[in-house]
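Subject: Structure handover

Hello,

Please find the structure below, ready for you to open. My notes follow it.

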Number of protein chains: 2
Amino acid sequence: MSLKEVAKRAGVSSATVSRVLNNTNVVRNATRLRVIKAVEELSYYPNIHARTLAGGKSRTLGMIASNLENPFFFDIFRTLESDAHAKGYEVVVANTDYRPEQLVTSVRTMLERRVAGLAVIVSETTPELTRELAASKIPVVFYDAATPHPNIFNIYTNYRRGIERVVDYLHSLGHRRLAFVGHHSTLGPTGEREKVFVETVSRFASTSEWRTVADEDGPEGGRQAVREVLASGFRPSAIVCVNDFMAIGVLRELLDQGLRVPQDVSVTGFDNIKLSEFSYPRLTTVHIPRERIGRFVFERLVPDATRKPVGREILLDPEFVLRESTGPAPKPGHP
Amino acid sequence: MSLKEVAKRAGVSSATVSRVLNNTNVVRNATRLRVIKAVEELSYYPNIHARTLAGGKSRTLGMIASNLENPFFFDIFRTLESDAHAKGYEVVVANTDYRPEQLVTSVRTMLERRVAGLAVIVSETTPELTRELAASKIPVVFYDAATPHPNIFNIYTNYRRGIERVVDYLHSLGHRRLAFVGHHSTLGPTGEREKVFVETVSRFASTSEWRTVADEDGPEGGRQAVREVLASGFRPSAIVCVNDFMAIGVLRELLDQGLRVPQDVSVTGFDNIKLSEFSYPRLTTVHIPRERIGRFVFERLVPDATRKPVGREILLDPEFVLRESTGPAPKPGHP
DNA sequence: TTGAAAGCGCTACCAG
DNA sequence: CTGGTAGCGCTTTCAA
């Protein structure tokens with residue numbers, strides 16, 4: 001089923017069929033109707049590959065995320081997709097599972113697809129990748145990965161500010177033994193976030209003890225992290241989690257270990273995903289506006305000719321959300 | 001950057017470049033090396049559109065899901081994607097949010113993409129769509145939507161059996177006032193599941209009272225559903241949820257209303273998503289093997305020439321998972 | 001083992 | 001307003 005067949009059936013040239021399909025130019029209404037009829041009768045649908053190949057431009061955006069299962073990423077995707085659909089664009093997503101090799105593969109795939117723009121919302125970026133993307137000429141939005149370049153846009157989260165707020169609050173509650181639960185790519189040499197935590201603890205609470213652990217992102221990872229901390233003999237009065245998704249597992253494991261939250265241990269998350277309102281107890285966290293991120297991404301990836309040029313970067317300021325998983329540090333000597 | 005440029009740089013014809021890129025035929029090793037070198041030097045990557053257009057075949061699979069945010073769907077996607085990647089395929093997903101119009105749009109998009117195969121894991125299918133897909137000739141896998149056809153495959157869940165097991169168990173515990181919480185597309189005229197619940201309750205517990213409510217899929221919907229039930233004056237001793245994702249919200253809302261689970265109200269889910277082990281209390285549910293579904297999908301969508309023909313259908317038998325959200329019905333007259 | 005050339009289905013430009 | 005036609009970048013015979 002091709003344009004040509006539709007053209008034949010409608011008694012016009014394929015160029016005309018193309019015109020009505022793209023409602024370009026002014027096709028005489030009678031002609032248009034005949035074409036439409038033929039299209040329907042043959043239940044014809046265009047070949048997107050021929051289309052982008054011939055037109056040179058694609059109406060597809062790409063988004064690469066570390067872990068789509070984590071609502072933080074999914075919420076961004078949802079907003080982006082919604083905006084995209086509204087403007088006749090589509091978005092194809094790729095998941096990296098925090099694996100750098102997968103990131104490389106995904107970027108490659110997106111480039112082969114000739115996406116009109118790409119959002120790279122991952123924490124495992126590498127300089128080479130950034131260079132390759134910069135060279136690709138297509139607009140690219142990165143999350144928390146600074147790289148100035150004409151076609152590169154950036155979204156920064158004031159992560160430090162968020163963590164400071166959390167640690168400060170915990171300190172004011174009397175907590176002096178803190179643990180930081182991250183996932184693999186937030187810790188270690190590439191992990192900026194662990195560093196921020198450590199620096200913050202040292203500054204706001206120089207007399208405190210602390211410890212960091214990492215496991216996979218998600219509830220299961222959170223659970224394992226708690227086990228590891230406890231097994232090490234360290235007994236934190238508060239646990240700061242790199243995100244809400246892991247915090248959910250932390251909460252559960254604490255409960256299983258017979259530790260009450262927040263009476264025995266306080267817990268904080270990050271992101272303020274919807275699930276953080278459904279956990280037990282409800283999670284104290286830091287809000288990151290995913291909708292704004294998704295919207296920002298779309299606006300950079302699909303420049304609207306009618307609007308004035310938009311900013312190249314955006315800095316998101318986290319907002320502290322106090323709920324029930326935090327409380328005063330237990331009296332020393334107590335369990 | 002095109003094949004031709006690579007060819008020129010390597011001093012060969014574009015046909016030869018194509019051959020080494022697809023490692024087809026036997027290209028002389030010296031030639032191959034030169035080509036590879038040129039490819040790398042130019043950091044060339046093929047245009048997937050030109051490729052599928054010329055080759056006539058695509059290495060992309062499509063998956064349409066009602067709600068990717070619900071881990072049930074995501075788990076299927078994950079398995080499918082993993083299998084696909086292992087065989088050099090990719091999968092593009094589309095979310096319908098349970099909206100029939102979006103389903104139509106998504107199917108159309110997938111067809112335009114000329115996907116090699118399509119998985120339609122939604123509960124809002126329509127006969128017309130099925131017909132269109134059948135006519136498309138590409139392999140299609142449906143979930144819980146019977147339609148015999150040469151290129152159509154089916155996955156059935158013995159939903160009835162699962163619900164029977166749940167209702168029977170609840171009945172044996174003395175529960176006589178049951179509520180069923182579903183999402184919009186499980187209830188109403190198109191909802192098979194509500195019917196199953198009602199029939200089952202009537203059969204297994206003819207002396208029971210029951211009520212059904214629907215809201216959006218997800219924790220928030222579960223919460224709203226509980227509010228609605230309670231507001232109506234009905235006071236169930238047990239709530240059967242259409243899936244775990246909604247049950248999480250049900251659990252939370254019950255807690256907020258001062259109702260203890262399972263002492264005051266028992267709650268059951270369906271699917272056995274990972275989160276059901278992290279809820280408070282842990283959810284009694286019915287296991288549906290998402291990995292098997294994902295695997296089944298891949299095997300039908302990408303027929304392996306070396307293997308004997310595979311079955312056209314599969315019937316999944318749910319397995320009851322007893323956890324902590326269910327218990328004996330409270331004594332009558334008690335809160 | 002390699003090259004030449006004919007498309008794949010569609011868009012876009014040039015005539016008419 | 002409509003038709004003819006030259007590609008878009010790649011795969012795939014057919015020859016050499």
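Start with the open sheet of chain B. Four strands make up this sheet, in the order β7-β6-β8-β9 (chain B), and their pairing is parallel. Bear in mind throughout that this is a predicted model. At the edges lie β7 (209-215) and β9 (266-268) of chain B, each pairing on one side only. On average, neighbouring strands of this sheet are turned by 20° against each other, direction ignored.

Look next at the pair β6 (residues 177-183) and β8 (residues 238-241) of chain B. They run parallel and are joined by four bridges. For a landmark, find A179(B): I239(B) in β8(B) stands opposite.

Two helices go with the sheet. Helix α8 (residues 159-172) of chain B packs on the sheet and touches β6, β8 and β9 of chain B. The direction of α8 makes about 175° with that of β8(B). Helix α9 (residues 192-204) of chain B lies across β6, β7 and β8 of chain B. It runs at about 170° to β6(B).

Now the helix pairs. In chain B, helix α10 (residues 219-231) packs with helix α11 (residues 244-256) at an angle of about 50°, and the axes are 6 Å apart. α10(B) and α11(B) are therefore oblique to each other. The crossing of α10(B) past α11(B) is right-handed. From α10(B), the contact uses P219(B), E220(B), G221(B), G222(B), R223(B), A225(B), V226(B) and R227(B). They meet residues of α11(B), including F245(B), M246(B), I248(B), R252(B) and L254(B). By class, the contact of α10(B) with α11(B) has nine nonpolar, three polar and five charged residues.

In chain A, take α5 (71-86) and helix α12 (residues 290-301). The axes of α5(A) and α12(A) come within 8 Å and cross at roughly 45°. That angle makes α5(A) oblique to α12(A). This crossing of α5(A) and α12(A) is right-handed. Among the α5(A) residues in the contact are F72(A), D75(A), I76(A), R78(A) and L80(A). Among those they meet in α12(A) are R290(A), E291(A), I293(A), V297(A) and F298(A). The contact of α5(A) with α12(A) divides into seven nonpolar, two polar and six charged residues.

How many residues does each chain give to the contact between A and B? Chain A gives 32 residues and chain B gives 32 residues. On the side of chain A that touches chain B, at least two residues each come from α4 (48-55), α5 (71-86), β2 (90-95), α6 (100-112), α10 (219-231) and α11 (244-256) of chain A.

DNA strand C is surrounded by 25 residues, and L3(A), A50(A), A54(A), V26(B) and T31(B) are the closest. α2 and α4 of chain A, and α2 and α4 of chain B, each supply at least two residues of the surface near DNA strand C. α4(A) has the largest share of that surface, five residues. The surface near DNA strand C divides into 13 nonpolar, 10 polar and two charged residues.

Around DNA strand D there are 27 residues. Those that come nearest are A15(A), V26(A), L3(B), S18(B) and A54(B). At least two residues each of the surface near DNA strand D come from α2 (14-21) and α4 of chain A, and from α2 (14-21) and α4 (48-55) of chain B. The classes near DNA strand D are 13 nonpolar, 11 polar and three charged residues.

Some backbone details to check on screen:

- V261(A) and P262(A) are joined by a cis peptide bond, with omega about 5°. P262(A) sits in the loop between α11 and β9 (266-268) of chain A.
- The peptide bond from Y280(A) to P281(A) is also cis, with omega near -5°. P281(A) is in the loop between β9 and β10 (285-287) of chain A.
- N23(B) is not a glycine, yet has a positive phi of about 25°. Find N23(B) in the loop between α2 and α3 (29-41) of chain B.

Best wishes

Note on methods:
Residues are numbered from 1 along each chain as its sequence is written. Chains are lettered from A and ligands numbered from 1 in the order in which they are written. This is a predicted model: local features need pLDDT of at least 70, side-chain atom pairs count only at pLDDT 80 or more; totals for chains, interfaces and linings use all residues. Two residues are in contact if their C-beta atoms, placed from the backbone, lie within 7 Å. A residue is near a molecule or strand if its C-beta atom, placed from the backbone, lies within 6 Å of it. Ala, Val, Leu, Ile, Met, Phe, Trp, Tyr, Cys and Pro count as nonpolar, Asp, Glu, Lys and Arg as charged, and the others, Gly among them, as polar. Axes are lines fitted to C-alpha atoms, for helices over the stretch in contact, and angles run from 0 to 180 degrees between N-to-C directions. Angles under 35 degrees count as roughly parallel, over 145 as roughly antiparallel, 65 to 115 as roughly perpendicular and the rest as oblique. A crossing is left-handed if the near helix is turned anticlockwise from the far one by less than a right angle, and right-handed if clockwise. Two strands pair if DSSP finds at least two bridges between them.
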